[in-house]
Amino acid sequence: MAPNQTRQKRGRIIDGWIVLDKPPGITSAHAVARIKRLLQAAKVGHGGTLDPLATGVLPIALGRATKMVPYVMDGTKRYRFTLRFGEARDTDDADGAVVMTSDFRPETSDIDAALVAFRGTIMQVPPAFSAIKVDGERAYDLARAGLPPELPPRPAQIDRFDLIDRPDPDHAIFEVESGKGVYMRSLARDLARAVNTVGHIAALRRLSVGPFAETSSTTLDKIADSGDSLARDPDFLLPVEAALDDIPALALTEAEAAALRNGQALSLVQFMGRIPLACDPDGGLARLMAGRRFVALGRLTDGQLKPERVL
């Protein structure tokens, strides 16, 4: 096979991020496949799964940006969701079947009082319809087969959980800021139980993931209309290092940059006075910059700065 045919088969080399505003009704994997096909890109991934019902920020990684996906998924996420009181569903969202009903509707003051217990580090039972593996099987496959698994509770970090609107007795709208692996469907289900009723998520939108926000997002239709030009448009295609914008930056000399690029760990003593206050010296991450050039992602540990991801 000729070299140009090999490149064509593998796809175009595109490096960077697209902040997709995912529409409802498709999976995150479907969205990735659409973008891969539209751009004929060689390598595409995503930073944080959204349920089919959900809309909003889905960071799409292309090429070298796929190496940054784990750091994006570890970032803070913001959501807005509508809780529908009175119906529990097997999926804990509007896509599922009704499994229980209640005529009781809580007062707004009762909701506000209950929210206190859902902030900070809590223990959360994931939804039965989730991608968690149980004895090698996905939980959602077992649930669809009529064998919903008993999933153990696990820690979940909730930095903010606020009631922002109560349009009618049946509905309440919330905003949440959370860490990695927190299920909004579980929050809605458990909050409804805490106010002596049942409920499910009727609408869910992700507002941001780490440094990526809905203000910089684009749609599948715009990507389809833009075609080839999208991969060259800085308004759509963000640089690889954009995923790290919320990680503190540490300035390097050219000599330090060269050493770290070669995999060498450097003593933190030589960085005294340069380490950002926001950077945890005990295992924290730093975005290593030589001037305006991104060099690597480094970790501060054991009195050393160690390169963790070099691009």
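Student: What percentage of the 311 residues in the chain is made up of buried residues?
Tutor: The structure above is a predicted model, and a residue in it counts as buried when its relative accessible area is under 20%. Taken over the 311 residues of the chain, the share that is buried comes to 47%.

Student: How many helices and how many strands does the chain have?
Tutor: Both kinds of element occur in this chain, and each is numbered from the N terminus. The count for the chain is eight helices and 18 strands.

Student: Is E175 buried or exposed?
Tutor: E175 is found in strand β11, which covers residues 171-178. Buried means a relative accessible area under 20%, and because the relative accessibility of E175 is 12%, this residue counts as buried.

Student: Which residue has a side chain joined to that of E175 by a polar contact of 3.2 Å?
Tutor: Leaving aside neighbours within four places in sequence, E175 is in contact with several residues, among them Y79, F161, D162 and L207. R160 also belongs to the contacts of E175, and the polar contact of 3.2 Å runs from the side chain of E175 to that of R160.

Student: Why do the buried residues of helix α8 lie on the same side of α8?
Tutor: In helix α8, residues 254-261, the buried residues are E256, A257, A259 and L260. They lie on the same side of α8 because the arc they cover around the axis is only 165°.

Student: Which strands do the buried residues of α8 pack against?
Tutor: The helix is followed by G263, whose phi is positive, near 85°. As for the packing, the partners of the buried residues of α8 are the strands β14 (249-251), β15 (266-267), β16 (285-290), β17 (293-301) and β18 (304-310).

Student: Which residues is E137 in contact with, leaving aside its neighbours within four places in sequence?
Tutor: E137 has its place in strand β9, residues 137-138, and at 42% relative accessibility this residue counts as partly exposed. Once neighbours within four places in sequence are left aside, the contacts of E137 are I132 and L142.

Student: What distance separates the C-alpha atoms of E137 and A278?
Tutor: Along the chain, E137 and A278 are 141 residues apart.

Student: How far apart do the centres of the positive and negative sets of side chains lie?
Tutor: The chain has 40 positive side chains and 40 negative ones.

Technical notes: Residues numbered from 1 in each chain as written. Predicted model: local features only at pLDDT ≥ 70, side-chain atom pairs only at ≥ 80, totals over all residues. Heavy atoms only, no water. Helix = DSSP H or I, 4+ residues; strand = E, 2+ residues; numbered from the N terminus. Buried < 20%, exposed > 50% of the residue type's maximum accessible area, 1.4 Å probe, protein only. Lys, Arg positive; Asp, Glu negative; His and termini not counted. Charge placed at Lys NZ, Arg CZ, Asp CG, Glu CD. Polar contact = N/O pair within 3.5 Å; in protein donor to acceptor, adjacent residues only side chain to side chain. Contact = heavy atoms within 4.5 Å. Arc of directions from axis to C-beta.
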